[in-house]
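This briefing goes through a structure topic by topic.

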Amino acid sequence: MAGNISTLAYVAKHRQRRSLSDPAWVRYSLIAVALLFVGLFLIVPLASVFAEALKKGIGPYFAAFADKDAQAAIRLTLVAAAIAVPLNLVFGVAASWAITKFEFRGKALLISLIELPFAVSPVISGLIYVLLFGAQGWLGPYLGSGDHPWFGEWFNSLDIQVIFAVPGIVLATIFVTFPFVARELIPLMQVQGKEEEMAAITLGATGWQIFWRVTVPNIKWGLFYGVVLCNARAMGEFGAVSVVSGHIRGQTNTIPLHVEILYNEYNTQAAFAVASLLTLLALITLVLKNIVEWRHRRAVEAASAADIRQFTT
Amino acid sequence: MSIEARNISKHFGSYTALNNVSLKVETGRLTALLGPSGSGKTTLLRIIAGLEFPDASAEPGGGRVLFHGEDVSHKPAGKRGVGFVFQHYALFKHMSVFDNIAFGLTVRPGKTRPARAEIASRVNELLRLIQLENYGSRLPDQLSGGQRQRVALARALAMQPKVLLLDEPFGALDAQVRKELRRWLRQLHEKLHVTTVFVTHDQEEALELADEVVVMNQARIEQVGGPQMVYDQPVSPFVIEFLGNVNRLAAADGRLHGSGKDVLYVRPHDVDIQRNHSDEHALRARVLHVFSASNYGRVSLERVDTGEPIEAEIARDRLHDLDLKQGEEVSVVFRHVRLFPRGKFTEADLRNGQLSETRPGYLPAHGAGENI
């Protein structure tokens, strides 16, 4: 059977029927238009980032990262991502599991809520947190130091600051990257259905066993890609973080905010050098994605190759 | 282990999937739930398995599923000791055939889980049983439909279930594989004697494979009985129409009547065609089409008086002897008929002998009665 399929694939690959394809000039001009578009809008900007960053040579390029404030920005970005991504991973998996494997009231509402951060402008997301946790916000008075009777001595002494501090940046990042994992998983899990889980139930597996041994292996590539996207956004988020950050150098600046400051100070070369870090992150994300897909494809091909061997020997 | 379902109803929103259905399956039997799609057969199977739960029943003791007299209604599927084979197999895609079959054993809690070697030997034994000994390391994607079906069955059998439930086991397979697998399942059942219930919409499959056929329609059970019984003594127009081809002729007052409200049913193989016109009461029909490229000959006819179509199945030798011509007028004789007064008929009427589907004076040829 597999032999037949690979033969068919071979025929399809090597003997395209002329009647089914467009004339050569149509094909080539379409390819040219596509290449031109990709070149103009993707390749040229990408190249310009590195060109600007390396304009003054390799020394100044690395000097941009030696700066104390730049290092603080990188550290803060990593911290925010390290908190936001795992939380959204757990949340995304739990939400997709609930939405695709169970029937319950308010499912549509939950789906809309998950997508809310996509619909809301990031600046508004930041403002929401300012309104909630800012000094004049709804919850602000209960967070800062002072003497409010409700929470007692211990709480007052904590002096939690959310806005213009790291917690605010982390919260804003979580909010903005909220949907990525769930959005990646829900369609995948909907296509897969719940039959395998049902089968596992009839075979006596417990909920955990079903999750780890049946569901996770089925969604692992989608999950990985969701996490990669979530991470890229967590590190690259500008709008929401900008509103809650307060732009305190060396303390509440993330990489994108640091780039902005450098650029506004006409320090173009340093701005592009730091920006190239984010560009590299994007490239790594793409490479990772392709490796994942390639490995997956290779596993499938290896499996069918073994199949053919068994048929021919 | 016997299975009993008592007064089961199931609604999905405003849709009624099962309407007060009761069913008893004896130990060791092979039972078919037969019906068109939407008749509730799969829902009933899933309720027996514990994958769905019935609505609360108004009847005392109703809405329950009993295995060997023990109420299992509140047991989850994994604790009922049922093996379930899904319509699309639901094999674990990322696991080898071996791991698929071993799954039910490896997820058992520590105390009851067999040792690794024992699991391996049991899986290998099952691989032999399903004739896939050398396929243990394959992934499900590398198997054909029939092979996957057998793996799904082995996976269900690995936990030595007392009840085996199969949802449309051959639905997704092509005709040839289907026939082979059917025969194989019958043999397997004779070997293992596990109480088995399978769902199908294919009457041929149900009649050929099952010890007992449960005919379902519109959320209810129409008839329960052996294959011979449901075929020869259908209790309702639905059953007779669902189990194979049948001619419908309008009748009234026990006679054929073009505008009658009753319905006379005749199976095509109970229709005979004759040339002699000796009987003046004989039904006259015109030959429309003769088709003999089959193991029996098929003749399409049309009643001369009312224009009602009649299909006949006739042995090829006889068809050859008759040498029918298109457009020719012939006499038609029914060997066996059933009559259902439409709308007035109930199951209770039939049981009480109130109705006789072959009334005297009914038949067009040779007077009356069955089997003339």
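The model is predicted. In it, 20 residues of chain B are in contact with 18 residues of chain A.

**Where chain B touches chain A**
- Two elements of chain B, β6 (82-85) and α2 (97-106), each supply at least two residues of the side of chain B that touches chain A.
- That side of chain B has 12 nonpolar, 6 polar and 2 charged residues.

**A helix pair in chain A**
- Two packed helices are described by the angle between their axes and the distance between the axes.
- In chain A, the axes of helix α11 (residues 195-202) and helix α12 (residues 207-236) cross at roughly 160° and come within 10 Å.
- Angles over 145 degrees count as roughly antiparallel, so α11(A) is roughly antiparallel to α12(A).
- The crossing in which α11(A) passes α12(A) is right-handed.
- On the α11(A) side, the contact is made by E196(A), E197(A), A200(A) and I201(A).
- On the α12(A) side, the contact is made by I210(A), V214(A), T215(A) and N218(A).
- By class, the residues of this contact between α11(A) and α12(A) are 4 nonpolar, 2 polar and 2 charged.

**Domains of chain A**
- Chain A is divided into domain 1, covering 20-53, and domain 2, covering 58-312.
- Between these domains of chain A, 5 residues of domain 1 are in contact with 8 residues of domain 2.
- The side of domain 1 of chain A that touches domain 2 of chain A has 4 nonpolar residues, 1 charged residue and no polar residues.

Notes:
Residues are numbered from 1 along each chain as its sequence is written. Chains are lettered from A and ligands numbered from 1 in the order in which they are written. This is a predicted model: local features need pLDDT of at least 70, side-chain atom pairs count only at pLDDT 80 or more; totals for chains, interfaces and linings use all residues. Two residues are in contact if their C-beta atoms, placed from the backbone, lie within 7 Å. Helices (H or I, at least four residues) and strands (E, at least two) are DSSP runs, numbered from the N terminus. Ala, Val, Leu, Ile, Met, Phe, Trp, Tyr, Cys and Pro count as nonpolar, Asp, Glu, Lys and Arg as charged, and the others, Gly among them, as polar. Axes are lines fitted to C-alpha atoms, for helices over the stretch in contact, and angles run from 0 to 180 degrees between N-to-C directions. Angles under 35 degrees count as roughly parallel, over 145 as roughly antiparallel, 65 to 115 as roughly perpendicular and the rest as oblique. A crossing is left-handed if the near helix is turned anticlockwise from the far one by less than a right angle, and right-handed if clockwise. Domain bounds come from an automatic or database domain assignment.
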